[in-house]
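Subject: Structure for your review

Dear colleague,

Please find below the structure that I am handing over to you. My notes on it come after the sequence and coordinates.

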Amino acid sequence: MAMRFLVIFLAISMIMAPLIHAIPDQTDEAADKWFKNLPNAKPKSKKLHFFIHDVAKAPTGQYPSIVPVAQANMTAHSPTQFGVVNVVDDLLTSGPSTSSKQVGYVEGVYVSSSQKTVSLLVALNFVFTEGKHNGSTLSVLGRIAEFSANREFPILGGSGDFKMAQGIAVANVHSADPKTGNRIVECKFRFLHY
Ligand SMILES: *[C@@H]1O[C@H](CO)[C@@H](O)[C@H](O)[C@H]1NC(C)=O
Ligand SMILES: *[C@@H]1O[C@H](CO)[C@@H](O)[C@H](O)[C@H]1NC(C)=O
């Protein structure tokens, strides 16, 4: 049995190897320089402010940006929708309107993970695609209690300009459409990075 897995693993490795080597390691030198300097580096503080667009029900011809991908049999009977897993790929903009400047995306999962209250485990990557932070990311992991204001969740890390980011994100629903479930959430990030 173990042998069979080893053979499968080796076969996958051989198929994937050319793909892995094909990815250019453009940032390695810069990352090395950053790492060498790290013991003497001072943290930089940063504030970011933007809006997340959760589209549960999209207009005809468009796709939603939040989709339920799994749930348990009991979820349908749960008052808190315990067990639902949603995958998101939301638009991130500088202002509350969908037509305001796009700064990136929010990719990740929301999991309904409480049987007593409506609360979510959120694991999100904020991916910046504009301006000087283009290509940088921030990773967020935490709990969102759906009905509370100033929902706070931890920023645990980042890449590119935001290496070793640590801080907090504070989220508030800016507007919500009860008919579609679509929401615009205002997010304020405060964090240190190196
Ligand atoms: C879930 O529901 C399906 C369809 O009713 C049933 O076939 C399956 O056995 C159920 N699974 C569990 C774990 O109860
Ligand atoms: C962001 O970076 C990507 C990849 O390097 C590039 O294709 C894109 O044009 C950049 N976008 C902006 C707005 O600079």
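The notes below cover the aromatic residues, a surface patch, a ligand site and one further residue. Please bear in mind that this is a predicted model.

Aromatic residues

A pair of aromatic rings is described by the distance of the centres and the angle of the planes. The count of aromatic pairs in this model comes to 6. In one of them, the ring centres of Phe 50 and Phe 126 are 5.8 Å apart and the planes meet at 25°, so this pair is stacked; the angle falls under the 30 degrees that stacking requires. Phe 50 belongs to strand E1 (residues 44–54) and Phe 126 to strand E5 (residues 119–128), so the contact ties together parts that are 76 residues apart in sequence. Phe 50 and Phe 126 are both buried.

Phe 126 also pairs with Phe 189, and here the arrangement is edge-to-face, with 4.7 Å from centre to centre and 70° between the planes. Because Phe 189 lies in strand E9 (residues 183–193) and Phe 126 in strand E5, this second pair ties together parts that are 63 residues apart in sequence. The relative accessibility of Phe 126 is 0%, so Phe 126 counts as buried. Phe 189 is likewise buried, with a relative accessible area of 1%. Phe 50, Phe 126 and Phe 189 belong to one aromatic cluster, which also includes Phe 128, Phe 162 and Phe 191.

Surface patch

Val 67, Val 69 and Val 87 make a nonpolar surface patch of about 210 Å². Val 87 is located in strand E3 (residues 85–93).

Ligand 2

Which residues surround ligand 2? They are Thr 129, Glu 130 and Asn 134. In the case of Asn 134, an N or O atom of the side chain is 2.4 Å from an oxygen atom of ligand 2. Ligand 2 taken alone exposes 360 Å², of which the protein buries 26%.

Ala 145

Ala 145 is found in strand E6 (residues 137–145). With a relative accessible area of 23%, Ala 145 is partly exposed. Between Ala 145 and Ser 114 there are 9.5 Å in space, C-alpha to C-alpha, while the two residues are 31 residues apart in sequence.

With kind regards

Technical notes. Residues numbered from 1 in each chain as written. Chains lettered and ligands numbered in written order. Predicted model: local features only at pLDDT ≥ 70, side-chain atom pairs only at ≥ 80, totals over all residues. Heavy atoms only, no water. Patch = residues over 30% accessible without salt bridge, like charges linked within 9 Å, V, L, I, M, F, W, Y side chains within 5 Å. Areas by Shrake-Rupley, 256 points an atom, 1.4 Å probe, with all protein chains shown as cover. Salt bridge = Lys/Arg side-chain N within 4 Å of Asp/Glu carboxyl O. Helix = DSSP H or I, 4+ residues; strand = E, 2+ residues; numbered from the N terminus. Near = heavy atom within 4 Å. Polar contact = N/O pair within 3.5 Å; in protein donor to acceptor, adjacent residues only side chain to side chain. Phe/Tyr/Trp six-rings, centres within 6.5 Å; stacked < 30°, edge-to-face > 60°. Buried < 20%, exposed > 50% of the residue type's maximum accessible area, 1.4 Å probe, protein only.
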